[in-house]
Amino acid sequence: MIERGLIPPTARITFQNPPIIPRAAPLHNLDEAHKIPTAAPFTIPQKPQLIPVEATKFSPKKRRSQGKGKRSRGHHDRKIMKVTTPLTAVKSPWDYDFFIYNGVIDKTSTDFLAFKEHFHLSWGSIFSLLEHVEKFLRDYAIPEVKIKGNNLVAFLPEFELKHRLTRYDFLSLLENPIHIQMMLNIPGQRYKGQDGRSEAANKIRATWKCFKARKLFLIYRQQKWASGVIAIAWLLHCHKTRVKKILKESRERHLENFRIRAKHLAANWNRIRTSRRTIIHIPSLGYSLPVRQNIDDFNIRQNMQLGRLCDILDANVSVIYICSHQMNDELLLYYNKILSLQAAVKSGNLEDRSDLQDRFKIITPEAINIFPKHHMCLATYLMYSPKAIKRIKNLIQGKQAYIVSGLLHRDDLAVADMLNIPILGPEPEIAHLYSSKSGSKWVFDSADVPVPPGVYGIYRHQQMLEQLGQLVIDHLEIQRWLFKMDYEFGGNGTAFCDIPSHLECYDWFLKERSRYGYEDWRKKWAQEPALVKISEELAGILAQHAQPVNEKRFPTWRKFLQTFLSQGGTMEAYPPVESVTNLTVDMLIEPNGEIRVLSTGDQLHAEGPFISSGTTMPQTSVDPQVLTSLCLKIGNACKMRNVVGYFSVDLVTFIDPSTMGQQVWATGLSLSYSDQLALTQLTLYLTDGHLDCSFSTLKVPCFVPKKEKKMSCLNALSVPSPATSRYAVMTTQLKHDNLSLVFHYVFLQMCKAHGIGYDIEERQGTVFILYEHLKRNKLGMLTIGEDLQGVLMTFARNLFIIHQEISAPNMQGETNFKTAIDDIEAILGVTEENKIRFEEELKQSKDDKNLSKPDK
């Protein structure tokens with residue numbers, strides 16, 4: 001070690017007992033035979049050992065001495081020792097390899113005898129393993145292999161445990177396993193060996209049995225899956241049937257309780273309406289789900305009747321208003337201020353405002369936040385809101401209360417059952433039936449009121465074409481025909497077509513009618529050629545020229561027709577004149593049977609002639625007596641059909657060109673509380689006025705300062721003078737995208753700066769109806785004035801100012817402000833023209849009277 005540099009030369013090393021005792025190695029005589037000693041099987045390495053390249057340079061003695069210095073040895077190994085695998089395996093005398101030819105061991109070969117002699121102590125296990133190897137070789141017809149003796153002995157412990165030889169185990173015993181593995185992978189190699197034909201037959205038989213078994217298994221699995229599906233479907237069906245039965249029984253129970261409570265309400269109505277009571281307003285729109293899903297901002301649509309809060313005008317009434325939006329503190333403060341004006345309006349002094357928060361409550365069902373996009377009606381939200389129900393129960397406990405809903409839904413009955421209070425309204429099925437377009441025609445027919453020419457109950461395309469052709473032939477003077485779906489509202493389910501202007505044979509029809517005369521033309525034999533001709537053209541004309549009003553929902557006539565026929569609908573004539581006025585009349589059938597007209601108004605049409613965007617109240621287009629008489633007939637017809645509660649009637653009036661007389665048609669019926677009635681309540685609340693629908697007047701007491709007397713107070717007193725008239729323009733349909741950019745308090749301050757507000761002393765001005773605080777793109781507006789022309793001009797001016805303030809030239813936004821202004825300007829033009837004509841007629845009548853005096 002000193003010579004190799006492992007121990008420094010200056011080191012002093014002494015050994016008491018030398019670790020290595022030198023002894024002479026025994027040498028055998030070359031003439032004597034040398035016998036190789038046997039070794040235990042576990043001492044044979046399983047794999048060829050890696051031979052160090054430098055190992056032959058050192059004697060065993062020197063290698064043993066290297067263990068003394070570990071640091072020097074490691075350093076020396078990293079520099080000198082390189083462990084490499086030799087390119088060619090070095091033949092070792094201890095491998096004891098032997099060959100097997102054709103699956104039979106040559107037991108006389110020297111290699112095998114040397115192997116047997118060396119491992120004779122464990123030959124029993126080796127012999128059993130060799131038998132498995134021979135059988136494997138014969139089975140696969142392998143002609144020649146070289147067995148690695150050491151690998152075979154090393155595999156013995158594993159073989160003794162499992163007593164079987166796998167292909168992988170067999171390959172591990174060979175010297176060149178890759179070549180043998182390729183041979184084993186040849187398809188059909190197994191059947192070239194011993195018992196190959198028998199094994200092939202067994203394989204074929206097993207494969208066939210496997211195929212048949214798998215086929216049967218697949219059929220069984222499919223049947224089992226099908227039986228599982230059937231079982232699950234049956235269980236679901238049974239569960240659904242059970243739930244349906246429970247729901248049906250529950251709804252029948254709700255309906256029966258509704259009828260019982262309605263009878264009690266009718267029997268005690270005279271007492272209830274004059275005593276202290278709580279009215280629960282639920283402005284729910286209980287339309288069917290397909291209709292609700294196609295209404296934009298449906299929850300906002302259910303919150304447009306905040307004027308219902310003004311029922312607290314009656315000192316005996318408290319109001320619980322169910323709101324479809326969570327109101328923030330700003331909106332609550334706004335409506336609290338409006339409702340606090342009751343005493344100030346009566347006295348004409350703003351300082352007389354009183355806090356009425358204890359008489360009205362605004363409750364939002366918590367289910368609205370749970371189901372934000374389900375398009376549920378408000379009654380359904382309330383039914384799924386136990387906290388709101390519990391709060392309402394606490395508020396009405398021990399008090400007389402009833403519900404005023406919108407368009408009734410079966411969930412309204414469930415809510416009434418939870419609260420154990422009656423509903424002022426008809427049964428939901430009755431409300432839906434007679435609110436439909438076809439159902440309203442049945443009511444109008446029984447009331448014997450004039451209706452536009454038309455047919456109803458259309459469900460088939462062929463039926464529609466045949467009856468439309470008959471209508472056109474019978475009424476050649478009608479230029480436009482309307483198609484209305486039964487269960488849509490607000491013009492969404494309406495389409496129109498100017499059929500005569502597109503008929504090629506229209507002139508021929510007119511000649512034929514003039515040739516036959518009006519009486520004979522109505523007979524079938526005279527119309528038969530005309531019906532044949534129009535039937536050939538009608539379908540094409542509708543496909544090309546019919547126009548749905550709501551083009552976003554129905555971009556083509558085909559889509560409109562599909563929905564029209566699925567719902568059912570009506571076809572009716574549009575008045576054959578340019579100047580047409582639509583009216584809305586709100587009525588109430590009280591539980592005791594009394595029928596009252598509550599409000600009348602002429603409609604505004606900012607978005608087209610078929611969509612109402614507001615009204616002017618009271619109406620001025622029809623003789624009030626004629627209108628009241630016609631509406632009372634409709635009210636009696638509804639009463640005969642067990643209709644109770646609030647409903648509204650839509651009418652149209654025009655000057656008939658054939659008689660030059662005013663014609664009034666009843667066109668629609670809605671058994672629900674309307675937006676116009678809610679705003680009428682707000683108008684009466686802010687003016688302390690009285691609406692007399694039999695004369696179409698809104699009378700408001702006017703306050704004038706009393707003459708100051710001597711020694712009187714400095715403050716002037718106010719005494720009532722004779723009443724003055726007021727008119728109101730009201731709408732709940734205003735929308736402007738840019739409104740969402742302005743907070744409500746900023747918007748109100750902006751309006752105040754431009755003089756848009758309400759004057760309590762004059763009882764005129766403008767009030768806004770704010771719906772919610774998130775989007776803020778829609779609002780309602782009520783403008784009250786002394787004369788109709790002036791209030792229309794004020795309304796249009798307000799819209800113009802608001803639009804100018806919230807819009808930039810490059811950011812106008814989607815709005816109906818402009819179209820509303822255009823419609824009002826058109827009305828003002830007609831009003832001015834009628835005013836001039838009326839003055840001329842009045843002047844002419846005076847002149848005629850003056851001329852007729854001398855003759856007497």
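1. Glu 572 is buried in this predicted model, with a relative accessible area of 2%. Its salt-bridge partner is Lys 484, and the closest N and O atoms are 2.8 Å apart. Glu 572 sits in strand E12 (residues 569-573) and Lys 484 in strand E9, so the bridge ties together parts that are 88 residues apart in sequence. Lys 484 is also buried, because its relative accessible area of 13% falls under the 20% limit.

2. Asp 498 and Arg 480 form a salt bridge through their side chains, at 2.8 Å from N to O. This pair links distant parts of the chain, 18 residues apart. Asp 498 is in the loop between strand E10 (494-497) and helix H21 (506-521), while Arg 480 is in the loop between helix H20 (461-474) and strand E9 (481-485). Asp 498 is partly exposed at 24% relative accessibility, and Arg 480 is partly exposed at 22%.

3. Lys 162 and Asp 169 meet in a salt bridge of 2.5 Å, N to O. Is each side chain buried or exposed? Lys 162 counts as partly exposed, at 30% relative accessibility; Asp 169 counts as buried, at 4%.

4. Lys 135, Asp 139, Arg 190 and Glu 199 are joined in a network of salt bridges. Over the whole structure, the search finds 24 salt bridges.

5. How many disulfides does the structure hold? The number is 0. As for individual cysteines, Cys 323 is buried, with a relative accessible area of 0%, whereas Cys 238 is partly exposed at 26%.

6. Glu 762 belongs to the loop between strand E22 (758-759) and strand E23 (764-770). Its relative accessible area is 36%, so Glu 762 is partly exposed.

7. Phe 217, Leu 218 and Tyr 220 make a nonpolar surface patch of about 280 Å². Leu 218 is placed in helix H8 (residues 196-267) and is partly exposed, with a relative accessible area of 33%.

8. Lys 524 lies in helix H22 (residues 524-545). At 58% relative accessibility, Lys 524 counts as exposed. Lys 524 and Gln 470 are 54 residues apart in sequence, and their C-alpha atoms are 9.9 Å apart in space.

Note on methods:
Residues numbered from 1 in each chain as written. Predicted model: local features only at pLDDT ≥ 70, side-chain atom pairs only at ≥ 80, totals over all residues. Heavy atoms only, no water. Patch = residues over 30% accessible without salt bridge, like charges linked within 9 Å, V, L, I, M, F, W, Y side chains within 5 Å. Areas by Shrake-Rupley, 256 points an atom, 1.4 Å probe, with all protein chains shown as cover. Salt bridge = Lys/Arg side-chain N within 4 Å of Asp/Glu carboxyl O. Helix = DSSP H or I, 4+ residues; strand = E, 2+ residues; numbered from the N terminus. Buried < 20%, exposed > 50% of the residue type's maximum accessible area, 1.4 Å probe, protein only. Disulfide = S-S within 2.5 Å.
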